[in-house]
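Subject: Structure handover

Hello,

Here is the structure for you to open. My notes follow below it.

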Amino acid sequence: MSLKEYTRKRDFKRSAEPRGTPSAKSTDHRFVIQKHAATRLHYDFRLEMGGTLKSWAVPKGVPFRKGEKRLAVQVEDHPVAYKNFEGTIPKVQYGGGTVMVWDYGTYAPTNPDWRKEFESGKLHFALKGKKLHGEWYLVRLRDGKQWLLIRGKDDMRPVSRKLDDTSALSGKTMKQLAGGDTVWESNRSHAKATPTLGRSLRRGSARAGQGVGDRADPSPRPSPLPTRRAAVLSQRE
Ligand code: MN
């Protein structure tokens with residue numbers, strides 16, 4: 001398991017996300033779901049496997065009704081330490097936005113031969129979390145990165161709107177976790193002092209928006225801001 005892609009996409013001087021290394025003797029089956037208000041809101045579904053967190057971005061969140069399917073786009077493996085990460089990633093960084101630990105706990109694969117099953121593009125498992133419980137499937141589509149997250153044999157009572165906006169780790173709301181970022185946005189005197197800067201940052205974010213939320217890094221596109229300005233802004237955030 002490699003964290004090369006994870007490391008390449010991030011600037012750890014500017015983002016508080018954990019650097020992390022693959023952990024050698026991890027046999028635990030932990031899971032975490034992080035609600036991520038990036039360019040587009042999505043839920044990052046992560047399963048501990050082979051010393052890293054296998055990760056999928058689920059735009060519409062976890063399905064609750066029997067047989068209900070949700071698209072889950074596989075993204076780069078994340079370090080296990082990422083499971084405790086919540087807070088704000090500076091906007092100009094990869095995946096910029098607010099992250100909440102939406103749920104965490106353990107997962108139990110149903111099939112004893114589950115590693116083989118997973119490699120062939122399927123995983124049947126039960127989650128025991130603070131919010132979620134019961135069975136789901138992950139099934140890979142032909143495309144390779146696209147999977148479906150499917151609710152198993154019974155319905156689960158959907159998570160309430162209030163609980164959806166409550167961290168399973170800290171009890172904080174997305175607004176509370178946004179912290180300094182919100183202050184920056186609503187600071188009128190500061191906004192007056194640099195009106196163009198604020199607007200161009202927001203415009204830039206919208207233009208770069210695509211995919212499921214984390215800005216697609218590999219496709220080269222002109223930076224919406226001169227590099228020096230971007231650096232100054234990220235320090236403020
Ligand atoms: Mn994400």
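Let's start at Arg151. Leaving out residues up to four places away in sequence, Arg151 touches Pro63, Phe64, Arg65, Lys66, Gly67, Glu68, His133, Gly134, Glu135, Trp136 and Met156. Arg151 lies in strand β9, which covers residues 146-151. Arg151 counts as buried because its relative accessibility is 3%, and the cut-off for buried is under 20%. Please keep in mind that this is a predicted model.

Now the chain as a whole. The chain has 8 helices and 9 strands. Of its 237 residues, 46% are buried. The chain exposes about 12900 Å², and carbon and sulfur atoms supply 51% of that area. Take the contacts between residues at least 6 apart in sequence: 60% of them join residues at least 24 apart.

Next, the strands. Strand β6 (residues 97-109) pairs with strand β7 (residues 122-129). The two are antiparallel, with 5 bridges. Ala108 has Ala126 in β7 as its bridge partner. On to strand β8 (residues 133-140): β7 and β8 run antiparallel and are joined by 7 bridges. Phe125 stands opposite Trp136 in β8. Trp136 is also one of the residues that Arg151 touches. How many residues sit between β7 and β8 in their hairpin? There are 3.

Then the nonpolar cores. The largest has 28 residues. Within this core, Phe45, Leu47, Phe125, Leu132, Leu138 and Leu149 touch the most other members. Strand β2 (residues 41-49) gives the most to this core, with 4 residues. A second, separate core has 10 residues, including Leu53, Tyr82, Phe85 and Val99. In soluble globular proteins, nonpolar side chains tend to be buried together.

What does Leu138 touch, not counting residues up to four places away in sequence? Its contacts are Phe45, Leu47, Trp56, Ala72, Gly121, Lys122, Leu123, Phe125, Trp147, Leu148 and Leu149.

Last, the charged pairs. There are 12 salt bridges.

- Glu17 with Arg10: the closest N and O atoms are 2.9 Å apart. Is Glu17 buried or exposed? Glu17 is buried, with a relative accessible area of 4%. Arg10 is buried too, at 10%.
- Arg14 with Asp11: the N to O distance is 3.6 Å. Arg14 is partly exposed, with a relative accessible area of 35%. Asp11 is also partly exposed, at 24%.
- Glu68 with Arg70: the N to O distance is 2.9 Å. Glu68 counts as partly exposed, at 25% relative accessibility. Glu68 is also among the residues touched by Arg151.

Why does Asp11 count as partly exposed while Glu17 counts as buried? The cut-off for buried is under 20%, so Glu17 at 4% is buried.

The Glu17 and Arg10 pair belongs to a network of salt bridges. Glu5, Lys9 and Glu76 are linked in that network as well.

Best wishes

Definitions and conventions:
Residues are numbered from 1 along each chain as its sequence is written. This is a predicted model: local features need pLDDT of at least 70, side-chain atom pairs count only at pLDDT 80 or more; totals for chains, interfaces and linings use all residues. Side-chain values use heavy atoms; hydrogens and water are left out. A salt bridge is a side-chain nitrogen of Lys or Arg within 4 Å of a carboxyl oxygen of Asp or Glu. Buried means under 20% relative accessible area, exposed over 50%, partly exposed in between (1.4 Å probe, protein chains only). Contact means heavy atoms within 4.5 Å. Two strands pair if DSSP finds at least two bridges between them. A nonpolar core is a set of buried Ala, Val, Leu, Ile, Met, Phe, Trp, Tyr and Cys residues joined through side-chain atoms within 4.5 Å. Accessible areas come from the Shrake-Rupley method with a 1.4 Å probe; for residues, only the protein chains shown count as cover.
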